Amino acid sequence: MLAAQEDDEARVYHNNDIDFKTTRDLDVVILDNDCYDRVYRDLPAHPLVLKKVPICEYCGAIRFPREGPGFCCRQGKVNIVNTPVPDELRRLFISQTDRDALYFRKNIYFGATVDQRVATAAVHGQIYHRLDQLRPGKEGPHHMQLYFYDTNETLSQRIKRSPHLDSKLIRAILRIYENNPYVRVFRNVGQMQNFDELKIELNTSISYYGFSKFWGAQFIRAYHGCYDPLAYPILYLGGETGWEDKSILLEEIPTIRFPRSRRKYTKRKTEVQDICEEEGGGGKHLHVSAREYYCYIMQIRDEVFNIFFHGGRLFQQWIVVMYVKIERRGTLGKVAAWTHVTEFQKRGLPHDHFLLITESSSKLSGPDDFDKYISAELPDEKKYPLLHELVCKHMMHGPCGFSETTEQGKDAYHIYRRWNDGHKVFVRKKWLDNRWVVPYNPTLLMRYNCHINVEVSSSIKGCKYLYKYYSKARCITSIEAIYRLYRFPMFSMYPHVLQVQVHLPGMHMVPFNDDDNLEDVLERARNQRSMLTEFFRMNILLNHVRGPTSFISIRTVRGVVSPTFRECCEKLGLVEIDRSLDNALSEAVAFQMPCALRRMFATIMVFCEHTNIRTLWDKHFESMAEDYVRVHGNSSCVEQFVLRDIADILSSMSKDIRNYGLPHMHQSDIKLAESLNTEQMEGFNKIFDHVIRNKGKVFFVDGPGGTGKTYLYRAVLAKVRSTDRIAVAIATSGIAASIMPAGRMAHSRFKIPIKLQDNSVCNFTKQNGTAALLREASLIIWDEVAMTRRQDVEILDRSLRDITGCDLPFGGKVMVFGGDFRQVLPVVARGTRAQICDATLLQSYIWDDIKIIRLKQNMRAQNDVWFSQFLLRIGDGTEKTFPNDYVDLPDDIMLEYNDDQSIDTLIDHVFPDLANNYTSVSYMRERAILSTRNEYVDSLNAMMIAKFSGE
Ligand SMILES: Nc1ncnc2c1ncn2[C@@H]1O[C@H](COP(=O)(O)OP(=O)(O)OP(=O)(O)O)[C@@H](O)[C@H]1O
């Protein structure tokens with residue numbers, strides 16, 4: 001409070017400027033120790049007040065913390081003398097009581113309102129007034145013609161035309177401008193002999209006034225010194241030039257420094273001004289830049305009446321201090337990285353978006369953590385009176401729903417607790433409750449006393465939300481101009497990219513009037529196109545079409561008008577999309593592996609609208625097939641491998657390779673069905689029969705390791721796909737997914753949430769591509785389901801029922817699960833044996849409807865009957881055990897443990913003669929060492945790589 005009492009500014013900002021009253025529902029019992037009170041802990045007692053810093057010792061500008069020494073006047077090098085403002089004008093600018101002053105301020109503005117009575121013309125989007133006749137007509141003088149009369153005549157003519165004008169005020173203004181040199185010159189124009197021949201064109205947008213015929217055209221550019229006094233006579237009332245003739249006094253000024261106290265400042269300032277006058281420009285002068293000039297005059301200085309000042313700088317200080325405080329004091333946890341964007345809203349007010357990425361130790365992991373930092377409720381007015389006032393003042397916006405607790409929302413948006421506790425405040429003429437409170441951090445709100453919306457973002461969507469502010473359509477406002485003038489950082493991100501608006505067809509902004517019919521607006525052909533792409537194409541055409549006279553003539557090729565610039569470019573062969581994609585692939589060949597090229601090729605197929613994919617395939621096939629050629633040599637088989645890979649990638653993007661005109665792909669697995677054993681064949685027929693008859697059923701292929709489950713899936717997948725039906729193959733683990741044609745991992749394919757709740761569903765919407773794919777699918781195969789939590793499968797069941805609208809298991813799809821409960825079971829963190837068993841599919845309601853296909857014949861160990869039976873006995877739990885469930889392993893499948901040497905022995909055993917074989921794909925593919933932890937795998941890999949020859 002001390003700081004607040006001492007400081008004038010503080011008093012201004014602390015004044016109550018909002019009326020509110022508050023009420024509370026008596027039925028609701030308020031807890032004394034409400035756990036949600038955590039969020040209000042350690043609140044600052046009062047909003048932050050910026051520290052005072054001494055005024056600039058050179059120019060006397062009032063400075064804010066962190067403004068560098070050269071911020072206002074380049075340490076005294078820039079010194080611009082302010083023209084004194086007459087008392088009368090000053091009064092008009094500052095009086096809060098005089099009616100004429102209020103009227104004056106209400107009615108002064110710059111710019112042209114298009115007056116229908118004056119001939120106006122829009123040339124390249126700028127508005128010109130053209131007054132051919134300077135001599136008044138029969139109706140008497142008006143507009144600019146009024147300037148050529150003396151004060152009384154001008155005034156009576158003005159009042160005649162606008163009876164509401166305050167004649168005293170107009171007279172005062174005319175008096176103030178009596179000595180303005182431009183006013184005088186203008187008046188004299190009326191005395192000229194050939195007055196009738198004069199024409200004046202006034203460009204009210206930005207750039208020039210032209211007096212023609214008499215002097216010839218006289219253009220005054222915006223950067224010319226007299227543009228400012230002509231365009232803004234009210235700011236340059238003496239007609240003084242703008243920045244152009246201002247100069248830097250190099251020799252004298254820097255030696256005279258203002259003392260750091262305000263009392264001594266005025267005396268020293270007069271001394272400096274005297275010296276400047278004595279010098280009369282005799283010192284060594286350098287010109288100031290426009291930026292230096294504007295930066296200088298936009299400063300606040302004690303006892304200097306500055307009519308240029310528009311404010312907004314305090315806000316920038318607030319940004320700087322806010323970030324510094326956030327990072328240093330860790331209000332929102334320890335910040336690892338951050339970024340911010342200043343957005344200027346329609347009225348020109350700056351609005352900052354900060355994204356703070358906290359260190360892992362400070363990550364907010366769930367609703368309980370969110371509640372420690374964020375409140376979306378009115379605080380208790382008795383316990384936290386000041387905070388309550390600030391929430392009423394700054395944080396009451398649009399309505400959301402009530403919520404009993406904070407909940408982790410879908411996507412990036414969480415639901416914060418907005419309890420219906422009957423607490424209401426009467427603010428802005430309305431009774432508002434917790435539903436209207438924007439989420440905020442009490443500490444930040446108390447400290448900065450302004451609207452700061454704080455929310456937790458748990459996904460990349462938060463970043464996207466922020467980044468979209470880069471691509472908004474923008475026009476520069478006065479406050480943004482000041483930001484740019486002073487080079488305030490507006491983006492804390494590198495590289496700084498200011499994008500123009502880019503949008504997809506049909507996704508761009510469309511202007512319309514209130515009374516427009518929206519359907520007509522959407523139908524308008526010009527609204528269907530992306531402005532930017534059309535603009536680029538038009539520019540291409542401008543380089544090639546000779547002497548165009550209109551937009552239509554640009555689009556005319558051999559007498560035919562094309563509807564769009566793009567079509568016109570295509571007709572003229574000017575669009576090079578195909579060639580640039582070809583170049584991109586050629587470039588990638590130099591440094592990408594064949595598998596990366598195949599992925600890139602598939603991406604181009606799906607996203608880049610290449611007009612002839614087959615030519616691209618023919619040209620780049622060899623590069624994409626290099627790795628297969630090295631192993632197989634045979635070209636037709638290699639082509640099939642490459643096609644298979646691309647088909648798998650396309651399938652993961654829900655696309656079918658058959659629609660792109662590439663070489664025909666043989667169904668390599670189609671013959672597998674012929675070699676199935678009896679058990680497999682029985683299962684195959686059952687599954688395929690249900691698919692063909694479109695009859696929903698859930699199967700479970702139960703077989704110990706090596707009984708040919710994967711072999712069966714591949715045969716079924718190939719057969720179903722050969723009938724042009726969609727078969728989706730997934731597995732719980734990545735390795736199993738990779739050995740199924742077009743296999744994907746379950747969590748990724750079905751977007752199963754990691755954290756599960758009772759009614760969770762897959763994270764796709766009904767309209768989404770995954771939903772469309774699953775709706776179309778005739779068969780879904782899920783391998784290794786024994787390792788999956790039953791809840792994941794139940795979520796899929798719920799989602800499929802939802803997107804298909806069919807209440808049968810899995811929406812009436814043919815579902816084939818496979819796995820082996822004798823192998824690995826689901827992982828339940830720190831779960832007991834009972835909890836693990838409860839998480840298996842066997843305990844699910846789904847199990848009741850499942851038809852089991854049992855495979856017993858071990859196809860992997862056909863030559864080792866003893867071993868396959870041993871495995872079965874272990875899995876079935878019938879092998880003889882010792883205390884603690886130990887079993888006896890035969891010696892010939894074990895290696896002797898030998899302390900440090902054991903790992904080497906294991907590597908040598910599994911990978912004999914590694915140094916000579918590590919380049920052989922088949923050798924490496926046929927063997928593997930399994931391990932329980934990633935760190936062991938990493939060290940094993942390192943040990944093996946060390947055995948390779950060469951660098
Ligand atoms: N009908 C068959 N004819 C010839 N070989 C077969 C047949 N069925 C399976 N195989 C072969 O037996 C081996 C094991 O088959 P597969 O990998 O399909 O078994 P699995 O039950 O999926 O094993 P795991 O549970 O360990 O993954 C493979 O090499 C496969 O090619």
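Let's start with Tyr-628, which is buried at a relative accessible area of 17% (buried is under 20%, exposed over 50% and partly exposed in between, with a 1.4 Å probe and protein chains only). The model is a predicted one, in which local features need pLDDT of at least 70 and side-chain atom pairs count only at pLDDT 80 or more, while totals for chains, interfaces and linings use all residues. Residues are numbered from 1 along each chain as its sequence is written, and side-chain values use heavy atoms, with hydrogens and water left out.

**The chain as a whole**

- The protein chain holds 36 helices and 21 strands (DSSP runs numbered from the N terminus: H or I of at least four residues for helices, E of at least two for strands).
- The protein chain has 951 residues, and 40% of them count as buried.
- Take the contacts (heavy atoms within 4.5 Å) between residues at least 6 apart in sequence: 64% of them join residues at least 24 apart.

**Aromatic rings**

- There are 15 aromatic pairs in the model (ring centres of Phe, Tyr and the six-membered ring of Trp within 6.5 Å; planes under 30 degrees apart are stacked, over 60 edge-to-face and the rest tilted).
- Tyr-628 and Phe-641 make a stacked pair, with 5.1 Å from centre to centre and 15 degrees between the planes.
- This pair ties together parts of the chain 13 residues apart in sequence, because Tyr-628 belongs to helix 23 (residues 613–632) and Phe-641 to helix 24 (residues 635–652).
- Phe-810 and Phe-817 form an edge-to-face pair, since their ring centres are 5.5 Å apart and their planes stand at 65 degrees.
- Both Phe-810 and Phe-817 are buried, and together with Phe-750 and Trp-782 they make up one aromatic cluster.

**Charges over rings**

- Lys-21 places its charged end over the ring of Phe-426, 5.0 Å from the ring centre (the test: NZ of Lys or CZ of Arg within 6 Å of the ring centre and within 35 degrees of the ring normal).
- Arg-301 has its charged end over the ring of Tyr-296, at 4.0 Å from the centre.

**Helix 25 against helix 26**

- Helix 25 (residues 678–692) packs against helix 26 (residues 709–722) at an angle of about 35 degrees, and their axes are 10 Å apart (axes are lines fitted to C-alpha atoms over the stretch in contact, and angles run from 0 to 180 degrees between N-to-C directions).
- Helix 25 contributes Gln-680, Phe-684, Ile-687, Phe-688 and Val-691 to the contact, and helix 26 contributes Tyr-711, Leu-712, Ala-715, Val-716, Lys-719 and Val-720.
- By type, the residues of this contact are nine nonpolar, one polar and one charged (Ala, Val, Leu, Ile, Met, Phe, Trp, Tyr, Cys and Pro are nonpolar; Asp, Glu, Lys and Arg are charged; the others, Gly among them, are polar).

**Backbone points with positive phi**

- Most residues other than glycine have a negative phi.
- Lys-751 has a positive phi, near 50 degrees; this residue sits in the loop between helix 28 (746–750) and helix 29 (769–776).
- Lys-751 is partly exposed, with a relative accessible area of 32%.
- Phe-810, from the aromatic cluster, also has a positive phi, near 55 degrees.
- Phe-810 lies in the loop between helix 30 (790–804) and strand 18 (814–819), and its relative accessibility is 0%.

- Ser-562 is in the loop that runs between strand 13 (560–561) and helix 20 (565–571).
- Ser-562 is buried, with a relative accessible area of 0%.
- Setting aside neighbours within four places in sequence, Ser-562 contacts Arg-555, Glu-567, Cys-568 and Lys-571.
- Arg-558 sits in the loop between strand 12 (556–557) and strand 13, where it is exposed at a relative accessible area of 71%.
- Arg-558 and Leu-572 are 14 residues apart along the chain, and their C-alpha atoms are separated by 9.9 Å.

**Val-701 and its surroundings**

- Val-701 is part of strand 14 (residues 697–702) and is buried, with a relative accessible area of 0%.
- Not counting residues up to four places away in sequence, Val-701 touches residues including Leu-712, Phe-817, Gly-818 and Ile-853.
- Among these partners of Val-701, Leu-712 also takes part in the contact between helix 25 and helix 26, and Phe-817 belongs to the aromatic cluster.
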